[in-house]
Amino acid sequence: MMSLGAVTFAFPWILTALAILPLVWLLLRVTPPAARRLTFPAIRLLFGMVSNEKSSARTPWWLMLMRLSCITLIIIALADPVLNQRQSMRQSPLVVVVDDGWAAASTWPERQAALVRLLESAVRYTRPVILATTAPADAGAQNPLSFGSASDALAVARALEAKSWSTDRQSALQRLQDANPRPPAESVWLTDGVASDTDIEMAAWLQRLGRLTVLTSTTAAGPIALGPAERVPDSNGNTIEVTVRRPASESAVPMISNIIALDQAGRTVARAEANFDAGTAVTSARFVVPTELGNLMTQLIVENESSAASVFLLDDRWTRRPVGIVSANPDGIVTPLLEDGFYATQALLPYADVHAGTIVELLERNLAMIILASGNRVTSPEVALLEPWLHRGGVLIRFAGATLDGNVDPLLPVRLRGGGRTFGGTMSWTEPVGMATFPDDSPFAGLAVPDDVLVSTQVLAEPSAGLSQRTWARLEDGTPLVTAERRDSGWIVLFHVTATPNWSTLPLSGVMVDMLRRILDLSRGVEEATSVLPQGLSAREILSGTGQLIVPPPTVVAIDRDDIADPDLGPTYPPGYYGSGDTKIAINLGPSIGPIVGQGRWPSDVTVTGFESVAAERTLKPWLLFFALALFVIDFMISLFLRGITPQLPLARVGAATASIALLILIASPHHALGADAIDPAVIDAVLETRLAYIRTGRQDIDQLSAQGLGALTKVLAARTSAVMATPADINPETDELFPYPVVYWRITPEQTPPSEKAAQHINDYLGRGGMIVFDAPNQVGANANDDGQQVSQALNNVLARLNVPPLVQIPETHVLHRSFYLLPDLPGRFTGAPVYVERGSITTDGVSSIIIGSHDWAAAWARDSRGLPLYPAVPSGERQREWSYRFGVNLVMYALTGNYKADQVHLPAIMQRLTQ
Amino acid sequence: MTSSAQVLQHNAEQAASTLPPLLINANRVAATVSLGSHGRRRAGPGDTFWQFRQYSQSDPAYMIDWRQSAKFDHVFVREREWDASQTAALWCDCSPSMAFRSSKKVPTKSERASVIGLALASLMISGGERVRLLGFEPSASSGRLALIQMAHNLERAITDQPASTVPVAQASLPRHISVVLISDFLFPIEEAESALSSFTGQASSGHLLQILDPAEESLPYRGRIRFQGMENEGSLLIERTEDVRKDYIGKMAEHRASLAALTDRLGWSFSVHHTDKPPHTALAALHMRMAEER
């Protein structure tokens, strides 16, 4: 073992072979180089000449140098030099302690890389290795530690992942002590930087074995933990405050962490900053978001952190709060507008999960707010149920009613006077009273007071000292409209009017919605009463060590409902979502972590360095051999050259070979070169000349009919209008592009099958981009082969079911189709009299219908044979009707080509009248 | 004709095209140039006007120049100059040793020799002279067809690389020919002497053009080299080539001096051309010397 700077030799005695170099040099020197052969015509003149110095021809010095360095390289390579070898006790056993808890997750890649480099070096020297991980491994019995081969440890290290729970160094130390390694052994501890009580003990124990090196991250600022979070009552909406912690250390610098709220799909919903002051380890971040946005939040994460503790999962308690509405009608809202729970239900539906039922039923589930809309008194068993709920943070909203006369039950915020108060009744002089501005200290502060809210009847509170503090809303005359009282964590809120418009117009007003929402925001959400949960909650999704939600492995067992409040997070119960069905409980790692303290003090003779100090050992042998081989090849070629043997490989031939290889590569990848831009020639044809098109139905006679009909129509168009078109095209929506065609004719046959997904996609694209399709589904007797008109209609329905068909309307008399070229009273084909449907006022296509549906068999009326004679009789009016059908065809094409500008003609009479005046 | 022969001919004609049409004894009148032959500077058969002389009894009547006679009291006869074309015998060495070139930047010696020889032939034939290619079957000796045949023969000779044999005079050759020998003349001087002497009876003049590769001139090699002859001379190992360079250059100069002495004795010309130089200079010099001779 010998070291030269960063290079260490495994077999240094081989280097003694370098001593033969002078010998080689001498040998090379005395051996003349091989003579170069040269044909020379004037050799006669040379005969008899002898050079003066016999041994004058020598190997050139540079060639000798090259050969010597080649030999040197080989000798050095055989000595197996290694670069950056760790200066360590090479032959001694190695004890590696790795922190793989949540705190290590953020720096896991570098930690693992350092670990792998360390073990690779151990493999090279076949050192026995103990690899101890401090976080409890996956559930199951921990195998006792013992010295194993380094390559086994390397395999374990490569597969090692950070865990989503804390480390347990105490038990790791215990296991190490059980292994009882015999000194001397070198120890390396890859720590996560979070202190524990066992640190000093462990370091001391490891030092007793031999040298201890502690590797820690020098770059990362330390792990950040999120949680616990709580909902802060705030009149402005939904505020969530989350505690953010970092390792405590005197030298902590000010730092800003970004906390991001994500929705179900992982999109950023909101963003907040957590400001750590110098030296502090705990701060908080506030999310102030509207309720609707707040309802979307599913987790909070720390930006640029990837540990289980940097994720705070939000469950149902944080999002849509469940509201129960107790209505007089136990069956819920049966008759709208009259039912007393109706208005509150309508107000809260967009913002909360609204449930209806009796108090007993409602309290079986977890509710944030209960509204007693009926105004009835609460019976004492119900009070017994409600009070614990209120203590846990429930919000109870009560409305007055005819039976709420005086202090009928204890769940009232203020003392009420017996008998109500009525304004503006038949027998009264007073007028109904409006609302006053909301007091500044009320949750309703800032809401605009509408002047159309008039209260005609109310219940009155007994005047008392605390009444004004408890009043959240007043009438103009100062009497309370809404009063509230705190009961432990919960609230009781009383509206002094009914929940129906009987007593006031408040339930009809928008301010009622805002008021209920403000109260809803007030509710913190109620902790799930553990009693309503199932006994065992299985894991739905768990957090991986990097803070990703993953499917739980089978080792994760169901958690007992009693353990939810303070779970023992570990391989058995990793953080994540638990529950099944409707229940989804988030169990977070952050709140369960005790104080986080940065590791600071180490015993004096412990080496503490960063992960990067474990540089990758690099064996130089292959490189040296490679260079030696290269030198050998160069030397060989030079000797060839010196002997006058030059390889016959002209540059031109090399160039040609390169070119042909390049060509081969080009040919081998034809998709890159040619395939990409190939355009269907049919599309080019269609784009170059405007033409009509029809959908190929698959039935020979019908396709021929369509072709003949559109062909004849094309001729008529060319003769009568300026629309000169090319021969109609037949297209298959499955494979062909539709977009070049202004109008597509689709004759529906009884056998027509609905278009495939791809075809439907093509057609929908075409329609959506301004295309027009004429569906012709004649169901008259004689229009189809077997008189199966019914089937034609059915086939049409099947086709339309696959397409994006806009709302249709029977074509009005004034539609542009009636006047785009000819003025037409109706739109006959071979038949007439059946309704024609068009789109009802399309917005995207400027009112031009993308679909025309009829059953007049237009193509049959238009069709002519090669001699120009009509093929099918038009019924009932014969040739006159055929002429009208051509006129319809002309109008149709004009409509497709020019759109609805002829619709302006409806204004023509008015314009003419104005012009003539 | 093979395409390479075409190429060779094309190259040769291109080299020739930069010179005025070569005519032996070019100090004759320009009109004879168009005929392609040169007069004998005495009256005889030919097309070119030579002189008027007074009619004598022996002259046929058709020779009287009536226009001239009308100007004077005497009757004059128009005499024309006696035209005659000359034959040149050309030899381009295509032996294996001529197939040498020291680098790819220069042509082989036999290529260069053929180009110069053929260019000379092209100039001469376009001037109406006759050219015979020594070492081949006698064939057409004037006209474009002869040029084409010569290119063909030379092309084949470059490929076949016949053994180096210095041509000797043949009975079939006409008298008073010009002999042009193009070779590296690296064979023993005795061989050259005997060959050249055989021409003395027949040739009125002779020209030697020695074609050498620059490497043959300077021996630019270094180090331990095993030299290999190209015509079965055997091989030779030299430990340090740079040491013998000086001797080699001296020996080459000696060889050349003896060649020059030989040609001087015969009254022939001798010049050296290196393949790294353009062929025009050698061709022009050769042409000059051929034109100067009478």
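A residue is buried if 20 or more other C-beta atoms lie within 10 Å of its own, exposed if 12 or fewer, and partly exposed in between, with C-beta atoms placed from the backbone. Helices (H or I, at least four residues) and strands (E, at least two) are DSSP runs, numbered from the N terminus.

This is a predicted model: local features need pLDDT of at least 70, side-chain atom pairs count only at pLDDT 80 or more, and totals for chains, interfaces and linings use all residues. Residues are numbered from 1 along each chain as its sequence is written, while chains are lettered from A and ligands numbered from 1 in the order in which they are written.

Start with the whole chain. Chain A has 23 helices and 39 strands. Of its 917 residues, 38% are buried. Take contacts (C-beta atoms, placed from the backbone, within 7 Å). Among those in chain A between residues at least 6 apart in sequence, 77% join residues at least 24 apart.

Now go to strand 24 of chain A, residues 490-495. Six of its six residues are buried. On one side sit Gly490(A), Ile492(A) and Leu494(A), and on the other Trp491(A), Val493(A) and Phe495(A), so both faces are covered by the definition of buried.

Next come its partners. Two strands pair if DSSP finds at least two bridges between them. Strand 19 of chain A (residues 395-399) pairs with strand 24 in the parallel sense, over five bridges. Here Ile397(A) has Val493(A) as its bridge partner. Strand 23 of chain A (residues 480-487) runs antiparallel to strand 24, joined by six bridges. Thr483(A) stands opposite Leu494(A).

Strands 23 and 24 of chain A also form a hairpin, with two residues between them. In that turn, Asp488(A) has a positive phi of about 55°.

Note on methods
Two residues are in contact if their C-beta atoms, placed from the backbone, lie within 7 Å.
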